[in-house]
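Colleague: Could you take me through one part of this model in detail, with the cut-offs behind each term?

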Amino acid sequence: MQEIIDRFIETNICFEQLEYFIRILLAGVCGAFIGFERRKRFKDAGIRTHLILSIGCAVIMIISKYAFSDTLDYDAARVASNIITGVGFLGAGVIFIKSGSVRGLTTAAGIWTTAAIGMAIGAGFYLLGIAVSIVLVLIQLLLYRLVPALESIEVAELLIKAKY
């Protein structure tokens, strides 16, 4: 048994797996951060949805990037590209049209971007994933307050006549 443990430690498998696990946890933290903002707005896709999505995408990205490297002719981008397709389908499920009004587009876009954040962290782009998480939440917080203010501004009509 000690021989197996020593071999395991010598090959750095333990440290590789620990780094992958840290990537997954970090993706989960970023997803939860985004989901918390959505939950505060009483959106259906909240903390759990964004957290699980981000963790799942990080796992898939790690598998895509590292699990098939022993195969001669593998394409890591194929698995990652299918995440985008699948998440697009998931996002479509939160978009509703009622009385000519479309609801859920921001949530769908947030779910799609959360998937991209999980993929980035799963691929090892920690700073990028964290920075995009912060930017996404800031955009949602700032525009939530700014857009209604902009829409309430009266726009004066200006008519310009030109003679040829």
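Modeller: Tyr-20 has a relative accessibility of 13% and therefore counts as buried (under 20% relative accessible area, with exposed over 50% and partly exposed in between, for a 1.4 Å probe and protein chains only), whereas Tyr-66, at 28%, counts as partly exposed. The model is a predicted one, in which local features need pLDDT of at least 70 and side-chain atom pairs count only at pLDDT 80 or more, while totals for chains, interfaces and linings use all residues. Residues are numbered from 1 along each chain as its sequence is written, and side-chain values use heavy atoms, with hydrogens and water left out.

The structure holds one aromatic pair (ring centres within 6.5 Å; planes under 30 degrees apart are stacked, over 60 edge-to-face, the rest tilted). The rings of Tyr-20 and Tyr-66 have centres 4.9 Å apart and planes at 25°, so this pair is stacked. Because Tyr-20 lies in helix 2 (residues 13-40) and Tyr-66 in helix 3, the pair ties together parts 46 residues apart in sequence.

Helix 3 (residues 47-67) also packs with helix 5 (residues 105-122), at an angle of about 40° and with the axes 7 Å apart. That makes helix 3 oblique to helix 5 (angles under 35 degrees are roughly parallel, over 145 roughly antiparallel, 65 to 115 roughly perpendicular, the rest oblique). The contact (heavy atoms within 4.5 Å) involves, among others, Cys-57, Met-61 and Tyr-66 of helix 3 and Gly-110, Thr-114 and Gly-118 of helix 5. By class, this contact has nine nonpolar, six polar and no charged residues, with Gly counted among the polar ones.

Key: Axes fitted to C-alpha atoms, helices over the stretch in contact; angles between N-to-C directions. Helix = DSSP H or I, 4+ residues; strand = E, 2+ residues; numbered from the N terminus. Phe/Tyr/Trp six-rings, centres within 6.5 Å; stacked < 30°, edge-to-face > 60°.
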